[in-house]
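Visitor: I am new to this one. Please take a close look at a single part for me, and then lead me on from there.

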Number of protein chains: 4
Amino acid sequence: MAKIEVGILGATGMVGQQFVRLLESHPQFRLTWLAASERSSGKALARATEWRLDGRIPAYAAELPVSEPRPSGAPQLVFSAMDASVAGEIEREFAQAGHIVVSNSRNHRMDADVPLLIPEVNAEHLGLIPVQQRNRNWRGLIVTNPNCSTVVLTMALAPLVPFGIRSVVATTMQAVSGAGYPGNASFDVLGNVVPFISGEEDKMEHETQKILGRFSHDSVVPLNAAVSAHCNRVAVLDGHTVTTSVAFSRKADLADIAHAMETFQSPPETMNLPTAPKRPLILMHEPDRPQPRRDAARENGMPVFVGRVRRCGVLDVKFVACGHNTIRGAAGAAILNAELLVSQGHL
Amino acid sequence: MAKIEVGILGATGMVGQQFVRLLESHPQFRLTWLAASERSSGKALARATEWRLDGRIPAYAAELPVSEPRPSGAPQLVFSAMDASVAGEIEREFAQAGHIVVSNSRNHRMDADVPLLIPEVNAEHLGLIPVQQRNRNWRGLIVTNPNCSTVVLTMALAPLVPFGIRSVVATTMQAVSGAGYPGNASFDVLGNVVPFISGEEDKMEHETQKILGRFSHDSVVPLNAAVSAHCNRVAVLDGHTVTTSVAFSRKADLADIAHAMETFQSPPETMNLPTAPKRPLILMHEPDRPQPRRDAARENGMPVFVGRVRRCGVLDVKFVACGHNTIRGAAGAAILNAELLVSQGHL
Amino acid sequence: MAKIEVGILGATGMVGQQFVRLLESHPQFRLTWLAASERSSGKALARATEWRLDGRIPAYAAELPVSEPRPSGAPQLVFSAMDASVAGEIEREFAQAGHIVVSNSRNHRMDADVPLLIPEVNAEHLGLIPVQQRNRNWRGLIVTNPNCSTVVLTMALAPLVPFGIRSVVATTMQAVSGAGYPGNASFDVLGNVVPFISGEEDKMEHETQKILGRFSHDSVVPLNAAVSAHCNRVAVLDGHTVTTSVAFSRKADLADIAHAMETFQSPPETMNLPTAPKRPLILMHEPDRPQPRRDAARENGMPVFVGRVRRCGVLDVKFVACGHNTIRGAAGAAILNAELLVSQGHL
Amino acid sequence: MAKIEVGILGATGMVGQQFVRLLESHPQFRLTWLAASERSSGKALARATEWRLDGRIPAYAAELPVSEPRPSGAPQLVFSAMDASVAGEIEREFAQAGHIVVSNSRNHRMDADVPLLIPEVNAEHLGLIPVQQRNRNWRGLIVTNPNCSTVVLTMALAPLVPFGIRSVVATTMQAVSGAGYPGNASFDVLGNVVPFISGEEDKMEHETQKILGRFSHDSVVPLNAAVSAHCNRVAVLDGHTVTTSVAFSRKADLADIAHAMETFQSPPETMNLPTAPKRPLILMHEPDRPQPRRDAARENGMPVFVGRVRRCGVLDVKFVACGHNTIRGAAGAAILNAELLVSQGHL
């Protein structure tokens with residue numbers, strides 16, 4: 001079967017590079033087109049950006065030319081890792097022109113007719129697509145994945161929805177790769193904690209409600225749960241860690257909670273997608289795990305790892321969750337979204 | 001006025017060294033006696049321990065001999081920084097023999113007749129001392145200071161007690177010096193978060209209730225508030241950071257909460273003690289502060305720094321607190337306790 | 001073809017765990033036997049040690065029992081990652097009993113009749129084996145691999161031997177995994193450089209001469225070159241970096257030096273061994289590479305990476321080299337040595 | 001005595017902030033004037049820059065207005081911490097207009113008639129000032145201090161000049177504060193070594209020769225010694241560490257070398273300057289010192305610390321040196337230079 005050609009909007013940043021890396025040997029997609037800001041356009045990728053991930057720029061993409069972010073010439077399926085300052089308008093332009101935009105940018109995540117998608121959690125939110133296309137008179141479409149710390153929290157909470165999540169207090173310890181490149185100055189981060197990430201708490205609080213919401217009558221009804229986030233940057237390279245306390249409206253036995261996490265499974269339409277992890281959630285029983293440096297990149301960085309499930313003296317249950325922020329929380333999440341779109345016939 | 005001679009039980013560890021450093025030019029105390037485990041005894045301090053704090057071992061203490069931890073020959077006032085595996089019994093032996101033991105060890109903190117003391121917060125708990133001496137038929141006495149992360153949390157909460165603290169959810173990001181020496185292996189901590197510190201959550205949850213409790217009829221009535229802690233080790237040298245959400249039984253305006261923190265003062269009997277910070281709590285208004293590396297050591301490491309006071313969507317108010325764990329959270333806390341004992345005539 | 005059974009002496013330490021990881025899917029070797037100190041013996045590996053490398057203990061080895069380090073019951077081929085305090089005698093006992101001991105320990109490296117082996121560099125030193133067996137009246141044998149920082153330096157120097165290496169000044173910046181576990185306290189390493197590693201400079205200075213020496217008339221004639229090392233510990237997890245200045249006895253053109261490095265190849269008997277890297281040395285042309293975090297683990301951690309080849313104003317040429325210290329510098333090196341022994345008919 | 005008014009060119013950067021901090025309670029200088037790039041001018045310092053050093057912006061300077069970098073209105077004595085892209089011309093303009101420019105910028109360091117000054121080492125280079133003023137027809141003047149890593153190396157070498165320094169091979173491990181702010185991205189530095197700092201090796205190689213040169217007949221005769229540097233960035237906040245091997249033209253006994261370092265003294269005209277360290281060089285005898293985190297900031301960050309003086313198998317002697325790069329290597333160095341100018345009657 002011929003592979004589907006794909007492009008990347010915003011190919012030169014931290015998440016853009018992660019897309020390039022992850023698409024290198026993708027069984028369904030072939031990367032043929034790159035776009036970035038004007039400064040880069042016209043150059044080959046290897047000249048337009050310094051490779052910042054481990055090792056060297058993958059040879060297959062080094063000589064791909066970087067175009068301007070305009071629809072003409074772009075393949076039908078494009079991933080977007082553009083900066084939020086420009087992503088909104090450009091993504092709409094692509095969707096208008098018939099492209100399928102699978103975006104990691106925050107701009108359209110909270111639009112009522114745009115799916116904020118985690119295939120293992122809310123694949124049925126794809127029901128918004130016809131609504132979106134009708135509303136906006138688009139042939140193309142936009143789907144988005146959540147903010148990097150939200151993915152970690154939300155996947156850990158997903159199996160607990162049946163217990164009636166009433167409220168969530170979460171504290172993040174976020175890796176520096178989440179700030180892009182150059183991101184945080186090393187003089188700020190070395191041996192330090194920076195207890196603030198602009199806009200992040202708001203994203204975690206609102207995206208979580210939408211993601212865990214129910215699709216019904218052509219719209220998503222947000223989960224009626226209060227979420228409160230404290231977001232911090234720590235001296236970690238990759239992998240966001242989230243301590244989480246949850247209160248439930250139904251009586252929840254601790255063993256039932258742990259069991260729900262341990263046995264949580266993707267819906268059938270997601271399970272066999274190439275980028276889907278074998279299990280979306282991996283419950284660890286060691287007393288001091290998960291840890292970002294030892295766990296976040298395991299199994300291609302796609303599961304979320306949870307541990308230390310125990311009683312909370314204030315809410316009902318508490319635990320720690322951890323996931324790879326530029327894979328599961330960004331490029332990998334978007335690629336999985338695209339695979340779901342393909343499998344559901346949207347291409 | 002002649003200085004009071006003091007000794008240190010457990011002089012060779014991380015907190016013991018911090019005692020040596022802080023006592024170097026103390027206006028009231030003169031360090032004349034050291035004790036440590038058998039392995040060290042008989043040696044001068046400079047040979048019994050490698051100096052691990054900044055710079056070199058203070059010259060004044062380098063040649064002090066290290067004795068065995070027995071009361072004979074020890075001054076009346078001794079600070080204890082011994083390991084919990086031995087501290088309990090030795091401290092009792094000293095108190096029995098008439099010594100005033102000002103301890104940083106956890107062993108007696110939760111004893112009903114032992115003050116768990118933060119002079120700025122609960123100086124009236126000294127009322128337990130006659131009870132303790134009567135109960136135990138001691139001429140001496142034991143007072144304790146809280147666990148290092150508990151001090152940070154409790155001092156930040158102290159001005160909020162009048163609002164009726166109902167529950168607290170706290171996540172710590174703790175410095176490696178809190179684990180003593182050698183403490184955490186660098187292979188575990190570099191670029192990582194370890195989401196577990198043995199026994200720490202329990203200490204924070206129970207010590208906080210005792211510290212913020214009321215002294216009444218010869219005993220301390222614990223604060224009737226639920227506390228839930230998530231404790232983590234991060235790649236920070238000194239300074240524990242605590243994100244905190246609090247619920248109140250009385251309606252609390254955000255500005256009132258911040259004002260209570262900003263104007264919080266030590267009681268008169270504490271204010272002028274040599275080690276007391278000018279203000280116990282320093283409220284910072286920068287959006288990304290306090291930070292452990294930039295703030296914890298300010299003003300001799302004795303205040304607790306708070307910031308980001310804002311609404312919590314689940315409980316009522318949230319903020320971040322930060323303090324120096326081996327000074328405010330250990331050696332400095334004990335020295336301040338001793339100063340209070342002196343000023344209250346217990347010596 | 002049936003796989004060869006192998007064992008590990010010292011299976012619970014940092015290098016021991018790296019052996020377990022690397023042998024998991026080895027095409028020739030099957031790990032069937034483990035030994036460690038008395039404290040561990042009798043337990044399954046998963047209970048005898050906490051897994052400290054990324055992820056979890058490999059399932060295939062978790063339930064292998066840990067024996068005492070005695071020859072009876074051990075397979076013919078054993079890898080040794082024992083502490084130097086015990087390795088010397090135990091390794092001799094195994095060799096005496098007919099075992100092939102492939103050791104990472106330092107004890108026998110400088111013995112005149114023991115090969116200090118890097119297959120890509122000095123495979124002909126295997127000629128010492130009959131000498132060793134004759135001298136010691138052994139049916140078995142011992143081969144060793146160099147100290148972790150020495151491997152990096154020596155592989156970078158190997159292609160330069162034909163230019164007549166006269167002297168070498170090297171400064172290392174070594175990863176914490178090189179100190180084993182727990183190794184360096186995080187309180188010593190965070191945000192710091194420790195300019196001393198016990199015994200390391202001496203090893204680099206003498207092992208290098210032996211490794212690069214010529215095998216002739218049943219002995220190794222050390223390279224007649226002065227080596228001076230400055231060894232430092234830095235806050236890096238894995239990967240030793242070595243800045244190197246070299247003086248030659250023959251006039252060396254800079255381009256010739258770089259070309260010799262770039263085209264350096266393993267001898268035929270090594271090239272196709274399963275663990276041999278495609279090229280032993282990878283010359284990087286980026287101005288700021290190699291870097292330990294981005295390069296050391298590439299290509300299974302087996303090549304040495306070099307860069308910044310340029311004129312030295314004092315000696316003749318300078319460059320930087322980098323390699324993975326627990327793979328190329330320890331467990332991987334030993335496995336490659338064992339593969340060479342097998343291919344040369346020593347089993 | 002009235003204090004001398006001083007200004008800072010480039011007050012908002014990392015070194016500019018260090019000037020502000022060090023001048024807070026200077027006994028001779030009073031900071032009254034600040035300048036920075038256009039973007040900042042017109043604002044108070046507290047609004048023009050985020051304070052990045054420990055704690056908060058010193059109150060005394062927070063409301064000082066930031067001017068444009070033009071001589072009119074500036075005090076006679078100005079410190080320059082401007083970026084090299086603009087410093088050259090602006091400094092000349094100030095000197096032309098009669099100002100005494102004490103610069104940390106690299107632009108004029110190697111000018112034949114500009115002193116590259118370390119008061120403890122080459123105070124006699126001030127003899128260049130009349131030459132400079134004559135050459136350039138200036139009423140004002142420019143003096144410079146060396147690059148941050150050069151200071152550390154040169155001060156350690158200064159007492160060894162009498163032994164006839166013939167060649168020096170040095171490897172630096174440099175702190176991130178040396179790159180200014182934002183400087184290195186944390187994604188590049190965490191758990192890594194970056195073996196390249198643009199332009200740094202050239203500076204160390206040439207500045208060292210000038211600094212250690214002899215002033216004679218109105219010019220500086222550079223020291224006739226080859227210097228070769230390998231420069232690296234490591235995950236350290238403040239403090240550059242330099243491993244150094246030195247060859248001498250005269251036979252040098254190791255004890256004599258160590259003794260020369262240990263007893264090295266400032267010349268009389270420097271010794272009592274307010275910022276001069278008690279001893280310029282502190283020789284440490286611990287086997288693993290100096291260390292940047294534990295030593296660089298000692299004694300106000302002004303001495304250079306040396307240790308591990310031992311034989312070098314290739315050159316003659318080797319040792320490690322360490323100093324605070326933004327104090328001894330930048331702002332503190334410049335302030336000491338200004339103090340020397342004042343004491344020598346140049347104001």
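Guide: A:Asn300 is partly exposed, with 13 other C-beta atoms within 10 Å. The scale runs like this: a residue is buried if 20 or more other C-beta atoms lie within 10 Å of its own, exposed if 12 or fewer, and partly exposed in between, with C-beta atoms placed from the backbone. This is a predicted model, in which local features need pLDDT of at least 70, side-chain atom pairs count only at pLDDT 80 or more, and totals for chains, interfaces and linings use all residues. Residues are numbered from 1 along each chain as its sequence is written, while chains are lettered from A and ligands numbered from 1 in the order in which they are written.

Stay with A:Asn300. Its phi is near 60°, a positive value in a residue other than glycine. Most residues other than glycine have a negative phi, and most peptide bonds are trans. A:Asn300 sits in the loop between helix H12 (292-295) and strand S14 (304-311) of chain A. Helices (H or I, at least four residues) and strands (E, at least two) are DSSP runs, numbered from the N terminus.

Now go to chain C. C:Asn300 is not a glycine either, yet it has a positive phi of about 65°. Its loop lies between helix H12 (292-295) and strand S14 (304-311) of chain C. C:Asn300 counts as partly exposed, with 13 C-beta neighbours inside 10 Å.

How do these two chains relate?

Across the boundary, 32 residues of domain 1 of chain A are in contact with 31 residues of domain 2. On the domain 1 side, helix H5 (119-122), helix H6 (128-136) and helix H13 (327-343) of chain A each give two or more residues. H13(A) gives the most, with 7 residues. By class, that side divides into 16 nonpolar, 10 polar and 6 charged residues. Ala, Val, Leu, Ile, Met, Phe, Trp, Tyr, Cys and Pro count as nonpolar, Asp, Glu, Lys and Arg as charged, and the others, Gly among them, as polar.

Chain A also touches chain B. There, 35 residues of chain B are in contact with 35 residues of chain A. The elements of chain B that give two or more residues include strand S7 (165-174), strand S12 (240-248) and helix H12 (292-295). Strand S11(B) gives the most, with 6 residues. The chain B side has 18 nonpolar, 12 polar and 5 charged residues.

Two loops of chain B hold cis bonds. The peptide bond from B:Arg289 to B:Pro290 is cis, with omega near 5°. B:Pro290 lies in the loop between strand S13 (281-284) and H12 of chain B. The bond from B:Tyr181 to B:Pro182 is cis as well, with omega near 0°. B:Pro182 is in the loop between S7 and helix H8 (186-189) of chain B.

Finish on the sheet of chain B. Its 6 strands form an open sheet with parallel pairing, in the order S3-S2-S1-S4-S5-S6. Strand S3 (66-67) and strand S6 (141-144) of chain B stand at the edges with a single partner strand each, so one side of each has no neighbour in the sheet. Two strands pair if DSSP finds at least two bridges between them. Strand S5 (residues 100-103) of chain B runs parallel to S6(B), joined by 4 bridges. In that pair, B:Val101 stands opposite B:Ile142.

Methods. Two residues are in contact if their C-beta atoms, placed from the backbone, lie within 7 Å.
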